[in-house]
Amino acid sequence: MSDETSPLSEFPTAEVRSVAHPARVAGQLTSRVWNVTALCFLVAIALIWAALDTSGTQIQIAFTEGHGLVPGDKVRYRGIDVGEVKSLVLDDDLKHVTVTAELTAESAPLAREGTRFWIEKPDIRLGQIRGLDTLLSGRYVGVLPGSPNGARATVFEGLSDPPPSVEDISDGLEIVLESIQRFGLQRGSPVSYRGVDIGHVISVGLTNDSSNVVARTYIRPEYRSLIRDNTRFWSNSGIDLRFGFQGLEFDAETLATIAAGGVAMATPDAAGERVSTGHRFELTKSPRDEWLEWQPRLAIGSASLPDDFIFPQPTIAISQGKGALAVFGHNRRRGWLLAVENRAILGPADLLSFDKEDERTLEIWGETIPIVAEGIIISGGLAKRVLSAEEFKAESTWPRAKIQPNADLSKYQELIVTCGSDNLTTPIATDRLTFAEDRWQIDSRLPFDETWHGACVMSSNGNLLGIMLQTENGMVIENIKPDLIR
């Protein structure tokens with residue numbers, strides 16, 4: 001029989017394959033289960049770590065009164081929520097209330113030694129109204145941070161009353177005023193110099209032997225140079241009525257001092273030595289006549305400046321055109337100009353430059369001066385103009401010897417920008433400056449705007465280094481070229 005007709009050729013052919021041993025299959029399944037288990041374990045650790053990283057810091061604050069605070073009330077700083085009250089319990093001695101609060105992760109730096117906490121509530125008293133927002137939104141725990149270099153802390157002693165509005169009390173000057181009477185002083189009473197608030201009263205109490213009244217007083221950092229060992233303090237509370245040959249004389253300070261008391265001060269022309277925290281002064285009921293005549297020249301604005309530091313006194317000026325749009329203010333430029341030696345004024349070129357197509361004038365020192373082509377030197381964005389003896393009305397001038405041309409600002413850690421007054425004097429760190437095109441670009445996040453156009457930029461040794469200008473690219477500091485001080 002041939003192969004084609006063989007009956008075996010009609011049956012299918014089997015394919016034999018090797019099969020894994022059961023023990024091997026079980027091992028593979030076990031390995032996969034362990035891999036999945038390990039992966040789940042790693043994911044769980046990551047979730048726990050993320051939860052711990054976003055969780056806040058728990059702190060405990062002891063208050064003498066709860067003032068209606070309940071769990072869920074907020075902890076606030078600068079008007080924003082930085083935490084939440086978790087619980088309130090009475091201490092074992094029944095004399096304190098311990099508040100447990102949780103700060104947010106971003107607000108964890110508040111948990112440092114020196115941070116102060118209080119319960120914000122409605123407070124209506126003579127000379128002071130605060131906390132009215134709590135009538136609608138409920139009470140909350142207020143915060144005032146301590147030093148950023150303070151040690152970490154989680155247990156605090158709460159204040160019974162809100163502290164005075166002080167950013168960092170360690171930078172200012174704390175002195176003690178002693179008197180035989182209280183003279184209406186209370187916590188928060190203002191301390192003024194020539195009618196300008198320079199500090200406030202922190203607390204009022206009696207001496208240990210109850211013979212005198214003592215008032216702890218805080219002077220803000222920029223004004224601490226005004227306080228010398230021969231400074232005199234007196235009460236300016238209330239209203240003073242006097243009847244003399246010239247009729248009835250009425251003398252009173254602001255409503256705040258009438259209602260809440262106040263302290264005034266004066267320093268002699270021959271100012272004494274600076275004082276340190278804790279120095280004691282006598283507080284009198286009224287000033288002597290000669291105290292009111294004292295008029296010392298003392299540098300203010302920075303506690304780190306030397307005693308002999310003299311600030312330049314630039315003058316606000318307005319350059320006005322007489323074109324068709326001048327009526328609408330479109331041709332009006334405003335800025336600061338500094339009077340220098342030899343009847344010259346130095347400042348932004350857009351205030352001093354001559355425009356032959358538009359007759360311009362300069363309003364300065366209460367006078368109107370025509371801007372002419374003669375007597376002007378322009379260098380970059382700055383200019384110097386020499387005035388005639390009749391036009392120059394400045395009371396003081398800045399010496400050319402204290403102008404440093406082509407100054408490299410990067411060699412200084414900090415500069416002082418000033419327009420001559422304390423509210424327009426501020427330090428600026430040089431790491432916020434970028435040098436470009438012979439100018440120093442100022443970080444746009446710093447609080448400088450057109451009101452600083454023409455401000456003087458000083459070094460800590462009292463030299464004028466540059467002038468601040470407003471440009472299309474923001475605020476810049478321009479160096480003073482040598483030809484502007486010849």
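Analyst: Buried means under 20% relative accessible area, exposed means over 50%, and partly exposed lies in between, with a 1.4 Å probe and protein chains only. This is a predicted model, in which local features need pLDDT of at least 70, side-chain atom pairs count only at pLDDT 80 or more, and totals for chains, interfaces and linings use all residues. Residues are numbered from 1 along each chain as its sequence is written, and side-chain values use heavy atoms, with hydrogens and water left out.

User: Is Trp440 buried or exposed?

Analyst: The relative accessible area of Trp440 is 8%. Buried requires a value under 20%, so Trp440 is buried.

User: Which class of ring pair do Phe435 and Trp440 form?

Analyst: Rings of Phe, Tyr and Trp (its six-membered ring) pair if their centres lie within 6.5 Å; planes under 30 degrees apart count as stacked, over 60 as edge-to-face and the rest as tilted. The centres of Phe435 and Trp440 are 4.7 Å apart and the planes meet at 55 degrees, so the pair is tilted.

User: Which class applies to Phe448 and Trp452?

Analyst: Both Phe448 and Trp452 are buried. Their ring centres lie 5.1 Å apart with the planes at 85 degrees, so the pair is edge-to-face.

User: Which strand pairs with S10 in the parallel sense?

Analyst: Strands (E, at least two residues) are DSSP runs numbered from the N terminus, and two strands pair if DSSP finds at least two bridges between them. Strand S10 (residues 173–179) has 5 of its 7 residues buried, and it pairs with strand S13 (residues 213–219) in the antiparallel sense over 7 bridges. The parallel pairing of S10, over 3 bridges, is with strand S18 (residues 280–284).

User: Which residue in S18 is the bridge partner of Leu177?

Analyst: In S13, Leu177 stands opposite Ala215. In S18, the partner of Leu177 is Phe281.

User: How many charged residues are in the lining of the largest pocket?

Analyst: A pocket is an open set of points on a 1 Å grid over the protein atoms alone, where a 1.4 Å probe fits, with protein on both sides within 12 Å along at least five of seven lines; lining residues have an atom within 4 Å of a point. The largest pocket holds about 1,100 Å³ of space, and among its 33 lining residues, those closest to the centre are Arg297, Leu298, Phe311, Gln313 and Gly420. Asp, Glu, Lys and Arg count as charged, Ala, Val, Leu, Ile, Met, Phe, Trp, Tyr, Cys and Pro as nonpolar, and the others, Gly among them, as polar. The lining has 20 nonpolar and 8 polar residues, and the number of charged residues is 5.

How values were computed:
Points joined across faces, edges and corners; volume = space filled by probe spheres on them. Helix = DSSP H or I, 4+ residues; strand = E, 2+ residues; numbered from the N terminus.
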